[in-house]
Amino acid sequence: AVEPAHTGMTYSEMLFTAGKWSTSIGNLDPNYLTNVEKMKGIKHFVEYLSLLEELVHLGNSTVREWALAKVEEAVEVTKEPEYHDEVSQSGTWKAPKHFPDLSPADRIKWESPYEKKFRQESVSYLRAAMKIERMGLDSTYYRQRIEQLQEKMKGHIPRRGLIQKLAYILLYDLLNMPHPNPELKNPALSVDDQMRNVFKRSSIAARRDLEWFATPAETERLYWLTHEVFEVTNLGRREWYTGNDHWEYALEMTRQIMRWKMEEMREREHILSVDHLCEMVMTYAMFYRQDPEADSITGPRGQGLVPDSMNASAPMPTLPDPNDVDLLFEAINMILERRNEDGSFGTMFKNRSPRNKVNMQLHVTSVCLRGMSLISRYPVIHSAYFNPETGDDVKHIYPHMTTQWYTQDDVEKAREMLVEEVSDHVLRRIAWVTDESKAPHAAKVRRIATLSDPSAIKDEHILKQAVGPSHYARARALMDRTCSGATVDSCGV
């Protein structure tokens, strides 16, 4: 069993430190980044918005208020023509000196610097609008400018790759705007059906093996799998719907890539290794399904990890496979080892150019924070790494936590709930030994006999694995009936 390295803080505290770090790294105005720093301004702008969005949606009331004020300040630039002209290449925009003077027909050719610039910005441009709206801010002018791009998008989207095509379908749906290419999208079909149609050409559908994903390429191939999952599940806001066979393969490949990345980090870590591991943990989180036995196409299915985890009437989210908890603990421990005191992630930036804080570390921190946000939507992960939120915040952010055994006032009620939770864990372990363990038959029989003993729920290893180290002392006292008072607060102290 892997011991989770408890952070000693609430998740809101982790969010807040990262948020404050992001506001200290320099000017993140997208126009400044593009024209003065010569960076991908809109891409980094979206990474900044993505980081702050985690605080707005998942932080406590203090963090949410602070983050929303920062977002409102940041998006003021989107209310001016210059931001949009940079993408549409019109109005106030002036081509860089090294851009050749081309005719309109030549500008849209694939290798043209004008078309390359639009490729770099178009998805991020739509994503920024979606995030602004999802945080409840006005996007009236932004929408007008998107509508003016529809004709340009119509010729652009058919030439993009699979992941971008998935992103465009998702983003236009989230923005509730017509897709520029109805002949590609088939408006008679539901969005899910449109995504399934494009998904047929995915690396997941092709059943690529680990060797293929590990083969060096200009763009790391593991991003194919992660981004296919990101777009299909809308980063955990939709439940998987492309077929159970795709789900099972993608989940197993995520495990394999996660193990490969951790081994790589032990032997020859590079600057983006932690980013890759965070992407894999985030991807794993998105495989949540309320009922894994149901058909993911015909249903029924839940709303997705994020909405289900914030809905007290939905079942409490459980891992796609409870037996992966040690793998996740190992990965999360490695990620947290690479978290810096200032809240950022990535330990290889100290001796690099300050520009790298914007063009690399902001991305790494945003990804790792989102990965931690999603995986900690599972109570078994959250309780292993973070202190509980206080007051009414817990009802807003983690409503299922209010119904856990360790939140009960009455000792006997808490003990009943604890026994049920540990018993469920034991039953899952028996099922795993029976169905999946590769141990010899005699060893499997002995293990099942041990787990079937009524005293198994008090076994130290089983109890610690079921409740996590941070709750072990209290659970031990409840099981042994050694609490000093009538409330759960008197247990394990």
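This is a predicted model: local features need pLDDT of at least 70, side-chain atom pairs count only at pLDDT 80 or more; totals for chains, interfaces and linings use all residues.
Helix 7 has a kink of about 35°, centred on E121.

Helix 7 covers residues 113–134, which makes 22 residues. Even with the kink at E121, the helix reaches 32 Å from its first C-alpha to its last, close to the 32 Å expected at 1.5 Å a residue. Now look at the two ends. At the start, S112 points a side-chain oxygen to within 3.1 Å of the backbone nitrogen of Y114. After the helix comes G136, and its phi is positive, near 80°.

How much of helix 7 is buried? The count is 17 of the 22 residues, so the helix is largely enclosed by the rest of the structure.

On to the cysteines. Searching the whole structure turns up one disulfide. As a quick reminder, a disulfide is a covalent bond between the sulfur atoms of two cysteines. Here the partners are C278 and C368, with an S to S distance of 2.1 Å. The link between C278 and C368 is right-handed, with 95° about the S-S bond. This pair ties together distant parts of the chain: C278 sits in helix 16 (residues 273–285) and C368 in helix 19 (residues 355–375), 90 residues apart.

Are these two cysteines buried or exposed? The cut-off for buried is under 20% relative accessible area. C278 has a relative accessible area of 1%, so it counts as buried. C368 is also at 1% relative accessibility, and therefore it is buried too.

How values were computed
Residues are numbered from 1 along each chain as its sequence is written. Side-chain values use heavy atoms; hydrogens and water are left out. Helices (H or I, at least four residues) and strands (E, at least two) are DSSP runs, numbered from the N terminus. The expected span of a helix is 1.5 Å times one less than its number of residues. The bend at a residue is the angle between axes fitted to the seven residues ending there and the seven starting there. Buried means under 20% relative accessible area, exposed over 50%, partly exposed in between (1.4 Å probe, protein chains only). A polar contact is a pair of N or O atoms within 3.5 Å; within protein, one must be able to donate a hydrogen and the other to accept it, and residues adjacent in sequence count only if both atoms are side-chain atoms. A disulfide is a pair of cysteine sulfur atoms within 2.5 Å.
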